[in-house]
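Hi,

Here is the structure I promised to pass on. My notes on it follow below.

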Number of protein chains: 2
Amino acid sequence: MTDTSPPYLFAARQSVEQVELGNDFAPRFDAAGLLPAVVTNIEDNSILMLGYMNTEALELTLRTGHAHFWSRSREALWHKGEHSGFTQTVERILVDDDQDAIILVVRLDGPGSCHVGFRSCFYREIDLAALPASAPARLTRTEHECAFDAESVYDGLPNPTSL
Amino acid sequence: MTDTSPPYLFAARQSVEQVELGNDFAPRFDAAGLLPAVVTNIEDNSILMLGYMNTEALELTLRTGHAHFWSRSREALWHKGEHSGFTQTVERILVDDDQDAIILVVRLDGPGSCHVGFRSCFYREIDLAALPASAPARLTRTEHECAFDAESVYDGLPNPTSL
């Protein structure tokens with residue numbers, strides 16, 4: 001079993017200078033104990049998804065090299081790809097100035113990473129040219145074809161989208 | 001004065017199908033009333049920052065074409081570039097599957113967008129090759145030179161980084 005007991009792979013936050021200009025990885029988790037992680041595809045530099053990590057998910061990601069998140073809808077640790085097989089191998093992790101957000105640069109082990117079946121979760125864009133006359137704002141598709149059949153890949157699992 | 005009174009430029013969330021596959025922009029704000037926005041630079045497709053918007057910031061962004069956020073550290077509406085002059089002109093806005101995250105593709109009106117003085121807030125990365133032997137994890141720089149002199153640009157303003 002992977003050891004995720006403290007001491008963690010990250011440092012305590014001691015000063016603004018340490019956090020902004022130092023070499024310690026000292027992430028800041030929000031009030032809910034979560035850190036947002038933007039996931040990008042190393043092949044084309046596109047953004048695949050935005051996930052959230054708790055300390056355990058971050059530790060597991062660092063120790064295993066595979067993306068882990070905290071599923072806010074299921075309230076459970078989430079090894080990305082555990083059901084679909086479409087895991088994400090972590091190639092790089094970038095950290096922002098105040099260390100409250102990270103970028104995971106991944107190699108996508110499968111055709112996509114979106115539960116609806118698209119390659120990226122960001123498969124639509126706002127029709128800005130039509131605003132404000134078209135209010136409420138309208139969306140257009142940027143991905144026109146699904147990358148895989150989500151119904152068969154996620155057969156029997158609840159949809160994670162909340163209203 | 002810009003009108004941000006309801007009805008907003010976005011629609012009510014009515015069904016999972018509408019949210020995931022429909023053409024209505026129906027964003028979901030989190031328990032704190034915020035929506036994360038990943039900001040990318042249209043010139044090189046790099047990620048500049050991760051910000052958060054409340055309904056007013058999102059409305060103003062849609063109506064003015066300039067990025068607005070909610071500053072969690074100052075607890076105030078934040079017109080990006082209001083102090084530095086380095087505004088962000090919004091070229092595209094992408095929306096994710098459950099509409100609880102967006103990407104702003106911007107034209108950066110200035111040399112950078114990070115309060116420390118770098119072009120991107122993500123100017124460091126974790127030295128993954130050294131893990132786990134090097135615990136806690138260490139950071140290396142991916143941007144080596146500041147893009148502007150943050151001390152003079154933000155003269156007299158409090159540092160937004162929280163410990």
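Let me start where the chains pair: Glu125(A) has Leu94(B), in S5(B), as its bridge partner. The two strands involved, S7 of chain A (residues 124–126) and S5(B), are antiparallel and share 2 bridges. Strands count as paired if DSSP finds at least two bridges between them; strands (E, at least two residues) and helices (H or I, at least four) are DSSP runs, numbered from the N terminus.

A word on provenance: this is a predicted model, where local features need pLDDT of at least 70, side-chain atom pairs count only at pLDDT 80 or more, and totals for chains, interfaces and linings use all residues. Residues are numbered from 1 along each chain as its sequence is written, while chains are lettered from A and ligands numbered from 1 in the order in which they are written.

Next, the sheet. It is open, has 6 strands with mixed pairing, and runs S2(A)-S1(A)-S6(A)-S5(A)-S7(B)-S8(B). Within chain A, S1 (residues 35–41) and S2 are antiparallel, joined by 6 bridges, with Leu35(A) opposite Met53(A).

As for the interface, 47 residues of chain B are in contact with 47 residues of chain A, contact meaning C-beta atoms, placed from the backbone, within 7 Å. On the chain B side, S5(B) gives the most, with 4 residues.

Enjoy exploring!

Note on methods
Two residues are in contact if their C-beta atoms, placed from the backbone, lie within 7 Å.
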